[in-house]
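Q: I have a model open and would like to learn how to read its features one at a time. Where do we begin?

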Amino acid sequence: MTAQKNRGALSIRNVTKIYDPEGVNVMAVDNCSMEIAAGEVCMIVGPSGCGKTTLLNAIAGFHSITHGEILLDGEMLCGPGKPKADMGAERMVVFQHGALFPWKTLAENVAYGPIVQGVLPKKQALEKAREMLAEAGIGNVLDKYPGEVSSGMSRRAEIVRALINDPKVLLLDEPYRAMDALTKSIMHESLLETYDRTKVTIFFITHDLEEAIFLGDKVHVVTTRPCQLKKTVEVNIPRPRSYETQSSEEFRILMEEVNEAVHEEAIKAFQAGERELA
Amino acid sequence: MSQTAATTTVPKLTKAPTGLALFFYRIGKSFQTPTPYLTIFGVALWLFTWWLLCEGLKVDRFDKIPGPVAVSKDLFSFTPFQGISIFTEEFYNHIMVSCRRIAIAFAIATGVGVPLGLFMGWSRRIRDYAFPILETLRPIPILAWVPLSILMFPGFEAPVIFLATLASLFVTALNTMLGVDSIDEEYFRAAGCLGSSNWDIFKNVVVPGALPFVFTGLQISIGVAWFSLVAAEMVSGDHGLGYLIVDSYMNNVTVPMVIGMITLGFIGWFTSILVRMLGNWLMQWHVKALALQGR
C-alpha cells in the first residue's frame, strides 16, 4: 500500500435528503455541509437515528439525495441531475453489522474485490489477500469462514477487504458498535496503525465520544434529525497515538467540549423519540 | 489450595479421530446420551400398540388389519403367503420403478424450480410476471391434476412423473425465492462497493446466500414428490409402491399393502437424508457456523 497524500478529499455541500415513506415527508438530512481534507480522519458524532448513516449511504451510492452535491477530489459523485452516486471501489464501506460474505473464507472475501474488478487474476488476488491478512495479524485464520472467527477478527478482515482495493475513502458505519470495551480498544489501535501506514481518508460514524477523539483529526458533531453540522472540534493530539493518550489532560478537555455539544442533541433526540431510519 | 490443584488430573489429550474412527467415536458417544434409548423405546411402544390392537386384543375392525407379526412373517419369508417379501423380485421392481420416477421428477423440479426461484427473488420484473401464476396454481391439489395429466401425456410414465414434478416444483421455487429474499441487503451493497457486475452479484451473493433455504425447500419438496407420486400411481400406473398399495387393496391382500407403506416410509426418509447430506456438503460455511452455535 502506498501512502496517499492528495487524494480522497470529500466535499459535502448543502446536502438535503427527504424520505417519502407513504406520502409523509421525513427530512433526514437538512442542508448539511462539511469539507473533509485528503487523508483526514473525520469522525461524525450524533445521536442515534439522526441521519448520519443516510449521509454515508449517499456518499457510497446506496441512496439518492434530494438537494445539494457531494464531490470526491473535485469530481461530482452526486448532485443536480444525478441524485444517486454510482457505487465504486474508490469508496469502500465497512458495515455496522459486518458484511463479509459468510459463504467465503476470509481470504476469498478479501480477494473478491480485485477478482471481480479484473485487477488481478484469481490466483494472484488470493496470494495478495493472504499477505495482507497476515500483515493485519490474522494470518492464522485465513481459510476459516467468517462464522468461525471472533467479531474482532472478522471486522479486521473486512477492513482489509476494503483496503486491498486501494480506496480513496474508507466509510465506516459504527463498525465497533457491538463490541466490548477491550476488543474495541484493540480494534482502535489496529485501525490507527493501518491509517498511519496508508493515510487513507476515513469517514467514521460513531456515537462513542472517546472513540471519536481517540481516532479522529476532526470530530463533527451533528444535530438530531434532520441532520445538520452543529460543531466541529479539531483534535490536535499528535500521531502516532497510543492507548495512553486516552488518559491525558488534553484528551479530557476535548471530551468535555464534545460531550457538551452532543448531550444537548441527545436530549432532543430522546424527547423526539422517533424511530431510527435505515 | 495449591495442593488440591496439584492433585487434579488433566485428561490426556489425544489426537482427534477422523474418518471411520470418528464415525464409531460418535456412535459410542451417542450411547452416553438418552437419545438412542428413547428412540428404541418409542419404536417398541409403537410396535407393541400396533400388535395389541391387531393381534393381541383383536379389537373390532382392527382385526382385519395385518399386525406386525403377520407382516414380518411375510416380509422375511422366501415363499410369502401374500406374494411380496424382500426375497421376491417384484418387491424390488416396485421400488425401482418408484425411485426412477422420483429421480426424474425431482431432477426436473429442481432444475426448473431453483433457477425460477432465484430469478424471481433477484429480479422484481420476473417476480411480477411469474409469481401470480405460481400462487394460483400452487393451491390446486395434485389429485385435481390427475385427469388433465392423463389427457395431456401418453402412456403410464409421463403423467405420473408430471404430477410428482409439479408438486415439488412449487415448493422448490417458492423456498428458493424466499431464500433470496432472506439475504441481508448489506451483502448486496458490499458486493456493489467492491465493484461487482450484476452477474457477479448473482453468482457470489444470490446463489450462495439462498442455498440454506434452497436445501430446506428441497428436503420438503422430495417429501412432496413422494406423496404426489404415490397418489398418481394409485390412480394411473402399472407399477410402483403406490400401485402396489392400491392393487393389494383391490385384490384383498392386506399384507403387501402394509409392506408397501412401510417401505415407502423408509425410502422417503432415506432420500431426505441424501438431500440433507448433499446440502451440508455444499454449505460447509453454514454447517460450521451452526456447529459453533452448538447446533
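## Reading the model, feature by feature

A: Begin with a helix on a sheet. Helix H1 (residues 52-60) of chain A lies across strand E1 (10-19), E2, E4 and E5 of chain A, and runs at about 115° to E1(A). Keep in mind throughout that this is a predicted model.

Q: In what order do the strands of that open sheet sit, and what is the pairing?

A: The order in the open sheet of 4 strands is E2-E1-E4-E5 (chain A), and the pairing is antiparallel. The edges are strand E2 (26-36) and strand E5 (75-78) of chain A, each of which pairs on one side only. From one strand to the next, the twist averages 30°.

Q: How many bridges join strand E4 of chain A to E5(A)?

A: Strand E4 (residues 67-72) of chain A pairs with E5(A) over 3 bridges, in the antiparallel sense.

Q: Is A:Glu174 buried or exposed?

A: A:Glu174 has 21 C-beta neighbours inside 10 Å, so it counts as buried. A:Glu174 is found in the loop between strand E7 (169-173) and helix H5 (181-198) of chain A. Its phi is also positive, near 40°, in a residue other than glycine.

Q: What does A:Asp217 touch, leaving out residues up to four places away in sequence?

A: A:Asp217 touches A:Glu40, A:Val41, A:Cys42 and A:Val235. The loop that holds A:Asp217 runs between helix H6 (209-215) and strand E9 (218-222) of chain A. A:Asp217 is partly exposed, with 18 other C-beta atoms within 10 Å. As for distance in sequence and in space, A:Asp217 and A:Val169 are 48 residues apart in sequence and 15 Å apart from C-alpha to C-alpha.

Q: Now the second chain. How many helices and strands does chain B have?

A: Chain B has 13 helices and 0 strands. The radius of gyration of chain B is 25 Å, well over the 19 Å given by the globule rule for 295 residues, so chain B is more spread out than a compact globule. Along the principal axes, its C-alpha atoms fill a box of roughly 75 × 70 × 35 Å. Of the 295 residues, 35% count as buried. Among contacts in chain B with a separation of 6 or more, 67% come from residues 24 or more positions apart.

Q: How is the packing of two helices described?

A: Two packed helices are described by the angle between their axes and by the distance between the axes. Here, helix H4 (residues 68-75) and helix H12 (residues 254-282) of chain B pack at an angle of about 85°, with axes 10 Å apart. That makes H4(B) roughly perpendicular to H12(B).

Q: Which residues meet where H4(B) packs on H12(B)?

A: From H4(B) come B:Ala70, B:Val71, B:Asp74 and B:Leu75, and these meet B:Val255, B:Val258 and B:Ile259 in H12(B). By class, this contact has 6 nonpolar, no polar and 1 charged residues.

Q: How many residues does each chain give to the contact between chain A and chain B?

A: The size of an interface is often given as the accessible area lost when the parts come together. Here the contact is given in residues: 21 from chain A and 16 from chain B. On the side of chain A, the elements that give two or more residues are strand E6 (91-94) and helix H2 (106-116). H2(A) supplies the largest share, 3 residues. By class, this side of chain A divides into 14 nonpolar, 6 polar and 1 charged.

Q: What covers the buried residues of H9(B)?

A: The cover includes H1 and E6 of chain A, together with helix H10 (198-235) of chain B. The buried residues of helix H9 (residues 185-193) of chain B are B:Tyr187, B:Ala190, B:Ala191, B:Gly192 and B:Cys193. After H9(B) comes B:Gly195, with a positive phi near 90°.

Technical notes:
Residues numbered from 1 in each chain as written. Chains lettered and ligands numbered in written order. Predicted model: local features only at pLDDT ≥ 70, side-chain atom pairs only at ≥ 80, totals over all residues. Rg over C-alpha atoms; globule rule 2.2 N^0.38 Å. Buried ≥ 20, exposed ≤ 12 C-beta atoms within 10 Å, placed from the backbone. Contact = placed C-beta atoms within 7 Å. Pairing = 2+ DSSP bridges. Axes fitted to C-alpha atoms, helices over the stretch in contact; angles between N-to-C directions. Nonpolar A, V, L, I, M, F, W, Y, C, P; charged D, E, K, R; others polar. Parallel < 35°, antiparallel > 145°, perpendicular 65-115°, else oblique.
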